[in-house]
Amino acid sequence: MSSIRISVVIGANPPARLDKALARDVPEEASLSRTRLGRLIADGQVMKGGVAVTDPKAKVAEGDEFELVVPQAEDVETRPEDIPLDILYEDEDLIVVNKPAGMVVHPAPGSPSGTLVNALLHHFGGNLSGIGGEKRPGIVHRIDKDTSGLLVVAKSDRAHHGLAKQFEAHTVDRAYLALAFGVPDAADPRLKGVRGVSFESGATIKITTNLARHKTDRQRQAVYFGTGRHAITRARTLETFGNPPTMSLLECRLETGRTHQIRVHMAHTGHGLIGDPVYGGKRKISAKALSPEALEAIGAFDRQALHAALLGFIHPATDEEITFEAPLPEDMAGLLEVLRKG
């Protein structure tokens, strides 16, 4: 594989460790994220005086000069597939798509084909960036297979680098629509006893916990305190259904973006999502609260009722603030209509 060489001189008052110092001082046009720099260090591709430095925590000083050997991008083995895409926006740097429920974002051992990446490879026709050493669409965030809605994907190195920084800094505006059991209410004494749950103005529930893999079920995430990754979700009730209110339409906003975050957090509050097969999306509902049609529709809904409805970010090439919205897909819209009637 051919490679390019990049010289980096450490500036004044550098961070204490090599990976952070390089992330700060590497030329912006190189579009090298801290994760990518970490891989270069581990692979012996970061040199000082002709000697490889393989410790990301190595100390640096102002004026230190490092040479980075960056392999040029290779084509990936993932095959292009002619799969229709719902494209809301596209330019030379990025694309925004409305992903349908049931589509996996990236190929994995259990889903080698039919993914969003397979579809994008076909759509781009080989016009791809070199991200992470491979020519591929720049997946900077994901949504679950059975969650529908908006995703932004990088087409260029500069877009991948700029978008990744925004997601890392939690400055991307993301709103989801969810149909949940029960109604989160500040007056509910049960919620006052749930650790990590608080209420803000506007009847917004805030869930602040850590998330990590479940100790016994590796396919699930679980709430922890003291270990795992910090996660914050805010949920606001938009509409309630039933007499007495038994279901709710929520707007959920992510401050962080962890795996299954909304699904885990809402289950933690006791307001799991309708249809969620992993975190308890089936629940007995009083036959008096909703119509038989509504009860049947809830029981038949076969995925988590979650849709990524809004996505806003700063365009990494133009610095323009842009926002996109995607309407509810047919299955959630149909369920919502039945709930309103019931």
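The entries below go from ground rules to cores, a helix, a sheet, a cavity and some backbone details.

**Ground rules.** I am reading a predicted model, in which local features need pLDDT of at least 70 and side-chain atom pairs count only at pLDDT 80 or more, while totals for chains, interfaces and linings use all residues. Residues are numbered from 1 along each chain as its sequence is written, and side-chain values use heavy atoms, with hydrogens and water left out. Helices (H or I, at least four residues) and strands (E, at least two) are DSSP runs numbered from the N terminus.

**Cores.** I looked up the nonpolar cores, meaning sets of buried Ala, Val, Leu, Ile, Met, Phe, Trp, Tyr and Cys residues joined through side-chain atoms within 4.5 Å. Buried here is under 20% relative accessible area, exposed is over 50%, and partly exposed is in between (1.4 Å probe, protein chains only). The largest core has 30 residues, and Leu116, Tyr176, Cys252, Ile262, Met266 and Leu273 have the most contacts inside it. Among the elements giving it two or more residues are helix H3 (116–124), strand S7 (94–99), strand S11 (148–154) and helix H6 (261–268). The largest share, 5 residues, comes from H3. I also noted a second, separate core of 19 residues, which includes Leu18, Ala30, Ile41 and Ala58.

**Helix H6.** Is this helix mostly covered or mostly open? I found it mostly covered, with 6 of its 8 residues buried. Those buried are Gln261, Ile262, Arg263, Val264, His265 and Met266. Their cover includes strand S15 (221–224), along with S12, S14, S16, S17 and S18. Counting contact as heavy atoms within 4.5 Å, and leaving out residues up to four places away in sequence, I saw Met266 touch Pro184, Ile207, Ala235, Leu250, His271, Gly272 and Leu273. Just after H6, Gly270 takes a positive phi of about 90°.

Two strands pair if DSSP finds at least two bridges between them. I traced an open sheet of 4 strands in the order S1-S4-S2-S3, with antiparallel pairing. Strand S1 (3–9) and strand S3 (51–52) are the edges, each pairing on one side only. S1 joins strand S4 (residues 65–71) over 7 bridges, and Arg5 stands opposite Val69 in S4.

**Cavity.** My next search was for cavities: on a 1 Å grid over the protein atoms alone, sets of points where a 1.4 Å probe fits but cannot get out, with lining residues having an atom within 4 Å of a point. Grid points are joined across faces, edges and corners, and a volume is the space filled by probe spheres set on the points. The count comes to 1 cavity of 30 Å³ or more. Its lining is made of His141, Leu150, Arg174, Ala175, Tyr176, Ala308, Leu310 and Leu311. S12 and S18 are the elements that give two or more residues to that lining.

**Backbone details.** Which peptide bond is cis? I found that the one from Asn243 to Pro244 is, with omega near 5°. Pro244 sits in the loop between strand S16 (229–241) and strand S17 (247–254).

His170 is not a glycine, yet has a positive phi of about 60°. This residue lies in the loop between helix H4 (157–168) and strand S12 (173–181), and is partly exposed at 35% relative accessible area.

Ala203, also not a glycine, has a positive phi of about 55°. I placed Ala203 in the loop between strand S13 (197–200) and strand S14 (204–213), where it counts as exposed at 55% relative accessibility.

Terms used: On a 1 Å grid over the protein atoms alone, a cavity is a set of points where a 1.4 Å probe fits but cannot get out, and a pocket is an open set with protein on both sides within 12 Å along at least five of seven lines; lining residues have an atom within 4 Å of a point.
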